[in-house]
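Please look over the model shown here before reading the notes. They are brief and can be checked against the coordinates.

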Amino acid sequence: HKYVDLQFVADGNEMMGLAGPKAKVIQPYVEKNDIMFYDTSDMTYYPAVPNRYFLFFPGDKHQPSVAYGTQKESTKIVFKIEYQP
């Protein structure tokens with residue numbers, strides 16, 4: 001709710017999901033962890049491979065770290081940028 005997430009995949013492969021407007025909340029927002037969960041029935045997935053950036057603004061319902069390919073782990077750098085509209 002307060003941050004823009006800038007995510008950079010340094011190594012490995014994963015998928016990043018971005019939910020559409022019909023996604024329903026299944027776990028409300030937890031401020032301490034800056035996280036909430038949605039159902040994935042209205043989710044579109046994009047490959048997150050090395051040297052690719054993703055930028056998610058507050059209100060973007062996203063799902064990082066979805067397994068993709070044969071590699072089980074990926075290394076990602078995440079920046080939390082304070083957002084004040």
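Predicted model: local features only at pLDDT ≥ 70, side-chain atom pairs only at ≥ 80, totals over all residues.

1. Residues are numbered from 1 along each chain as its sequence is written, and side-chain values use heavy atoms, without hydrogens and water.

2. The largest nonpolar core has 5 residues: V9, M16, A48, F54 and F56. Such a core is a set of buried Ala, Val, Leu, Ile, Met, Phe, Trp, Tyr and Cys residues joined through side-chain atoms within 4.5 Å. Buried means under 20% relative accessible area, exposed over 50%, and partly exposed in between (1.4 Å probe, protein chains only).

3. Q7 belongs to strand β1, residues 3–11; strands (E, at least two residues) are DSSP runs numbered from the N terminus. Q7 counts as buried because its relative accessibility is 3%. Its side chain makes a polar contact of 3.5 Å with that of K76.

4. Most residues other than glycine have a negative phi. D34, in the loop between β3 (25–30) and β4 (35–38), has a positive phi of about 50°. At 18% relative accessibility, D34 is buried.

5. N51 also has a positive phi, near 70°, and lies in the loop between β5 (43–48) and β6 (52–56). N51 is exposed, at 60% relative accessible area.

How values were computed
Helix = DSSP H or I, 4+ residues; strand = E, 2+ residues; numbered from the N terminus. Polar contact = N/O pair within 3.5 Å; in protein donor to acceptor, adjacent residues only side chain to side chain.
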